[in-house]
Amino acid sequence: MITCPKCSKENQDHYKFCLGCGAELPRDVSPKKFAAGTPPHGVPAATRAKDYGDEPTAIGTGAQKGPAVATPPPALVDPAAFIAPARGEDTGASKKAAAAGAAPATPAAAGAGTVVCPQCQEPNPPSNKFCALCGFKLVKPAGQAAQPSTPVVSTSGAANVVLTALRADGTEAGSYTLPTNPTLIGRDSGTIFGGDSYLSPRHATFSIKGGRLFVKDEGSLNGVYRRLRRDTPVQLDNGDVFRIGQEIVRVEPLSPAPTTPDGVERLGSPSKGYVARLALIIGRDATGNAFPVPDTGLHLGRERGDILFPEDGYVSGLHCQISLQGGRLFLTDLGSSNGTFLRVLGETEITGGDILLMGQQLFRINV
């Protein structure tokens, strides 16, 4: 237990903020030794191959940054407000696994009367005044249940769908009610979108079909990203792009180089045991460092994992995991403070409570 030095309330040892007064709790900030596959967080634990090595790959952002697609971070949480987690117990928001047909998990399942943090969507007991994991002040009535994740939207109009912009501390910075069905938003839309130079003039379209809400990227330069729910594996396909902190990562296949016209095969390092690679996007048509993904999977983080981003303060100590299950790759957020975001391809269904990253802004979907 951790005793709050301000109000003397006892808190569980993995909490970052006091449940009674919201003050930041003291803790040992020294990073703990990382062990691959621990904790598994909902995916089968695996033993890493002996030939893969035990040393993580550290990346200096100074060497990889260039004219990135969306270099400044969006409305993320100030890293100075958090201490790197000891066991990846920060919290994040998410989407359902693409391979599953069931509705996504909702924090309301934690129990009747649960108060869900509007910033990180962590379920809290009704008695909590502040979120146990992000410190945000809880304003919902103690007996109010969490918002259902699957909306039922009127097909006659979009007046009951609201995009709420979120500030760095999780408070609301403005809202935009969809006036029509469908609604095209972008920098040309003005209002809360007009001042964001990272939004394309025609960025995304929101539409209601059969009582469900969809978003479609209209070929924007910097994309539409959806935040993943904590500990929920989401399938990755070749070409998928995801974002952690300021790092934009693309999943690429490991395909052997073709032979030359005269039949000569190209020499290269052995790729046995590797199933894909992760390439850092540093410009519109440029990639930086690339890292192979072994069939045992890997972890990404700022302090612990197989691939490290030590200079990116928006990446959690242990941020996310890439795993191989049934011959397919999955991405899992391990409870990061600022979330793991997967870029939307084509038209994708979204639900109430989902958080989208568009340009430099975070938007919560309210239905």
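This is a predicted model: local features need pLDDT of at least 70, side-chain atom pairs count only at pLDDT 80 or more; totals for chains, interfaces and linings use all residues.
Trainee: How many bridges join β11 to β23?

Mentor: Three bridges join β11 (residues 224–227) to β23 (residues 355–358), and the two strands run antiparallel.

Trainee: What is the strand order in the open sheet of four strands?

Mentor: That order is β8-β9-β10-β22, with antiparallel pairing. Its edges are β8 (183–185) and β22 (347–350). Each of these has a single partner, so one of its sides lacks a neighbour in the sheet. β22 is joined to β10 (residues 212–217) by four bridges. Within that pairing, K216 has E347 as its bridge partner.

Trainee: Now a single residue. Is L163 buried or exposed?

Mentor: Check the relative accessible area, then the contacts. L163 lies in β6 (residues 162–166). It is buried, with a relative accessible area of 0%. Beyond its neighbours within four places in sequence, L163 contacts residues including Y176, I192, F206 and F363. R364 is also in contact with L163. Those two are 201 residues apart in sequence, yet 5.8 Å apart from C-alpha to C-alpha.

Trainee: Which residues have the most contacts inside the largest nonpolar core?

Mentor: For a core, ask who sits at its centre of contacts and which elements contribute. This core has 22 residues, and F242, L278, L300 and I322 have the most contacts inside it. Elements giving two or more residues include β13 (241–244), β14 (247–252), β17 (298–301) and β19 (320–325). β15 gives the largest share, three residues. Take L278 as a probe. Leaving out residues up to four places away in sequence, L278 touches F242, L300 and I322, among others. A second, separate core has 20 residues, including Y176, I208, V344 and I350.

Trainee: On to charges. How many salt bridges does the count come to?

Mentor: Ten. E172 and R364 meet at 2.9 Å, N to O. E172 lies in β7 and R364 in β24 (residues 361–366), so the pair ties together parts that are 192 residues apart in sequence. E172 is partly exposed at 48% relative accessibility, whereas R364 is buried at 11%.

Trainee: Which residue forms a salt bridge with D217?

Mentor: R343 does, with the closest N and O atoms 3.7 Å apart. This pair also links distant parts of the chain: R343 is in β21 (residues 340–343), D217 is in β10, and they are 126 residues apart. D217 counts as buried, at 14% relative accessibility.

Trainee: How far apart are the closest N and O atoms of E252 and R250?

Mentor: They are 3.0 Å apart, in a salt bridge. E252 is buried, with a relative accessible area of 12%. R250 is partly exposed, at 27%.

How values were computed. Residues are numbered from 1 along each chain as its sequence is written. Side-chain values use heavy atoms; hydrogens and water are left out. Two strands pair if DSSP finds at least two bridges between them. Buried means under 20% relative accessible area, exposed over 50%, partly exposed in between (1.4 Å probe, protein chains only). Contact means heavy atoms within 4.5 Å. A nonpolar core is a set of buried Ala, Val, Leu, Ile, Met, Phe, Trp, Tyr and Cys residues joined through side-chain atoms within 4.5 Å. A salt bridge is a side-chain nitrogen of Lys or Arg within 4 Å of a carboxyl oxygen of Asp or Glu.
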